[in-house]
Amino acid sequence: MKAIHTFLLICLLSIQFAHSQVFEVGDHINDLVGNVCENGNDDWKFSFDENKKVLFISSFATWWKPCQSEAQTIEEIYKQFKDEDVEVMGAGIDWNQPYSCEEWAKKFQLTFPILDDSKGRQIYNYFGDGIVPYNVVIDRNGRLIYSNSGFIKEDIVNAIESGLKTPKTDAVYL
C-alpha cells in the first residue's frame, strides 16, 4: 500500500512539473525577455509599460509538421499588422531537428523576429500547456487575452484586433 501511495505521489509531482504554465487569460504580464536568433537584435526585451503594443507570440518546434504548416500563416499575420501597434514573435524550441533558426527563417521566408527559446523554454513555459504550436496574444497594457494550443488564424487575428481596441493605460493589474 505504501508503494502505491509513493507511486501516486511521484505521478502527481511529475504532472505538476511537466505543466509549467504560469500565466492564464486575464493575467497581467510585465516584461518578457529572450534572445533573438533571426530577424532582429540579439537581446529582446518587451515591456508593456514602455511599448504599449499588442504582442503575438507563437511557440513552435521545428520538427513538428503543424508548426511548419503555420509558419507562412504567421508571416501573413505579421505583414497584415506590421504597420500597426503589433509585434509578432516566433519562439522556437528543439532547433536542428531538422532546422536551425536561420534555416527555419529561410525555408519559410519569415521576416518577423524569432527567439531561441530552446535552452530554458522561458517564453513557452510561461504560457504553454505541453503542446506545440502554442499561441498567445497580449494586449497593449500587458493583459493576456488569448492563449491556446493549436493554430486557428481567425481566432488569433480577432484577438489581435481586440487588443488594438484596448485603450493604452498606465493601469497596473493585480
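Student: In this predicted model, does C37 count as buried, partly exposed or exposed, and at which relative accessibility?
Tutor: Buried means under 20% relative accessible area, and exposed means over 50%. C37 has 27% relative accessibility, so C37 counts as partly exposed.

Student: Which residue does a disulfide join to C37?
Tutor: A search of the whole structure finds one disulfide. Its S to S distance is 2.0 Å. The cysteine joined to C37 is C101.

Student: How many residues apart are C37 and C101?
Tutor: C37 sits in strand 1, residues 31-38. C101 sits in helix 4, residues 101-107. The pair links distant parts of the chain, and the separation is 64 residues.

Student: Is the disulfide of C37 and C101 right-handed or left-handed?
Tutor: Look at the torsion about the S-S bond. That torsion is about 75 degrees, so the disulfide is right-handed.

Student: Is C101 buried or exposed?
Tutor: The cut-off for buried is under 20% relative accessible area. C101 has 8% relative accessibility, so C101 counts as buried.

Student: In what order do the seven strands stand in the open sheet?
Tutor: The pairing in this sheet is mixed. Strand 2 (43-47) and strand 7 (144-149) each have a single partner strand, so one side of each is left without a neighbour in the sheet. The twist averages 30 degrees from one strand to the next. The strand order is 2-1-5-4-3-6-7.

Student: Which residue of strand 5 stands opposite G90?
Tutor: Strand 4 covers residues 86-93, and strand 5 covers residues 114-116. Three bridges join these strands, which run parallel. Opposite G90 stands I114.

Student: At what angle does helix 3 run to strand 3?
Tutor: Helix 3 spans residues 65-81. Helix 3 lies across strand 3 (54-61), strand 4 and strand 6 (134-138). Its angle to strand 3 is about 165 degrees.

Student: What kind of aromatic pair do F46 and F48 form?
Tutor: The count comes to twelve aromatic pairs, by the ring-centre rule. F46 and F48 lie 4.7 Å centre to centre, with 70 degrees between the planes. Planes over 60 degrees apart count as edge-to-face. The F46 and F48 pair is edge-to-face.

Key
Residues numbered from 1 in each chain as written. Predicted model: local features only at pLDDT ≥ 70, side-chain atom pairs only at ≥ 80, totals over all residues. Heavy atoms only, no water. Pairing = 2+ DSSP bridges. Helix = DSSP H or I, 4+ residues; strand = E, 2+ residues; numbered from the N terminus. Axes fitted to C-alpha atoms, helices over the stretch in contact; angles between N-to-C directions. Contact = heavy atoms within 4.5 Å. Disulfide = S-S within 2.5 Å. Buried < 20%, exposed > 50% of the residue type's maximum accessible area, 1.4 Å probe, protein only. Phe/Tyr/Trp six-rings, centres within 6.5 Å; stacked < 30°, edge-to-face > 60°.
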